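Please consider the following structure and its sequence. The paragraphs below lead through its salt bridges, one of its helices and a pocket.

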Amino acid sequence: MNSIKTRIKSVSGTMQITKAMELVATSKLRRAREKAEGSRPFHEIIKKAIDVVESSSEIKDSVWSKLPEGNKVLYVVIAGDRGLAGGYNSNIFRLTAQLSEGSEASYLPIGKKALDYYTHRKADIYFGECRYVAEMSVGDSLTVAEQICRDFEAGKFDKVVLVYTKFASMISQIPQHEQLLPLDRTSDGKDTPADPIYAGEPEEILASIVPKYVGGIINSAVCESLASESAARRTAMNAANKNASEMIDTLMLRYNRARQAVITQEITEIVSGSEAL
């Protein structure tokens, strides 16, 4: 009985912690969700702008849109800062492993879990200063994007791929990847002018807008990942609360049975003693 009481006390203490973490995750999720939804229009508009500029007949064999010739790929991996979020981090690492299979991969981890994961595996880390996702600002995203674009233009990488988790709903977060460089045009060209007119050289315009495009996409992915991490942690803590509650109910049932057995034994002993007298 004492052992069961100790176990119930331990589970109750854990349940208090998971309830507090669920409330914190819910509070963070509300703000992160608004931020993620606010970043999506910029993501869409700048993609259209890139398509318009690249559709110009004056741009030929641009370094930003040429097909990759080698197998050197930089993976920008956005994971979480902490654990206790279900399969949020492991899903990202599993998807990245599938994508990087057979390629000469370098990694730019964003988030403490991503940095620890690739450091522990002694992977080729391109840039390891983005330790915390929650501290990534728009300026930090643009700084990282400018460095990536400089090295891509210099030929250090043949392709740059972004891996992150897209926030779909409170219970659904989808790991996905997106090719940042070379520019991967997904439009069919119907909504873009055939030969737009620019106040300047199209090549120079493209060179100036691409780092901002990459920085904007990274910042948007950071916002999506923050919302996804909070949602995943909220779901995991909610499930932990339910499991703890079920465990306490089971332990209480065992405790009551043990207590009833002790009472029954004492009554039996009393009756047996009175009959002996």
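How many salt bridges does a search of the whole structure find? In this predicted model, the search finds five. One of them joins Asp 116 to Lys 112, with 3.0 Å between the closest N and O atoms. These two residues lie four apart in helix α3 (residues 112–120), which means that about one helical turn separates them. Asp 116 is partly exposed, at a relative accessible area of 34%, and Lys 112 is also partly exposed, at 28%.

Another salt bridge links Lys 156 with Asp 151, the closest N and O atoms being 3.6 Å apart. Lys 156 is partly exposed at 48% relative accessibility, whereas Asp 151 is buried at 12%.

Asp 151 also belongs to the buried residues of α4, among them Val 144, Ile 148 and Phe 152. Helix α4 comprises 16 residues (138–153) and spans 22 Å from first to last C-alpha, close to the 22 Å expected. Just after α4, Gly 155 adopts a positive phi of about 90 degrees.

The largest pocket holds about 300 Å³ of space. Its lining has seven charged, four nonpolar and one polar residue. Helix α5 (202–276) and helix α1 (2–54) each contribute at least two lining residues, and the largest share, five residues, comes from α5. Arg 233 and Glu 229 are both part of this lining. They form a salt bridge whose closest N and O atoms are 3.0 Å apart, and both residues are buried. Four residues apart in α5, Arg 233 and Glu 229 are separated by about one helical turn.

Conventions
Residues are numbered from 1 along each chain as its sequence is written. This is a predicted model: local features need pLDDT of at least 70, side-chain atom pairs count only at pLDDT 80 or more; totals for chains, interfaces and linings use all residues. Side-chain values use heavy atoms; hydrogens and water are left out. The expected span of a helix is 1.5 Å times one less than its number of residues. Buried means under 20% relative accessible area, exposed over 50%, partly exposed in between (1.4 Å probe, protein chains only). On a 1 Å grid over the protein atoms alone, a cavity is a set of points where a 1.4 Å probe fits but cannot get out, and a pocket is an open set with protein on both sides within 12 Å along at least five of seven lines; lining residues have an atom within 4 Å of a point. Grid points are joined across faces, edges and corners, and a volume is the space filled by probe spheres set on the points. Ala, Val, Leu, Ile, Met, Phe, Trp, Tyr, Cys and Pro count as nonpolar, Asp, Glu, Lys and Arg as charged, and the others, Gly among them, as polar. A salt bridge is a side-chain nitrogen of Lys or Arg within 4 Å of a carboxyl oxygen of Asp or Glu.
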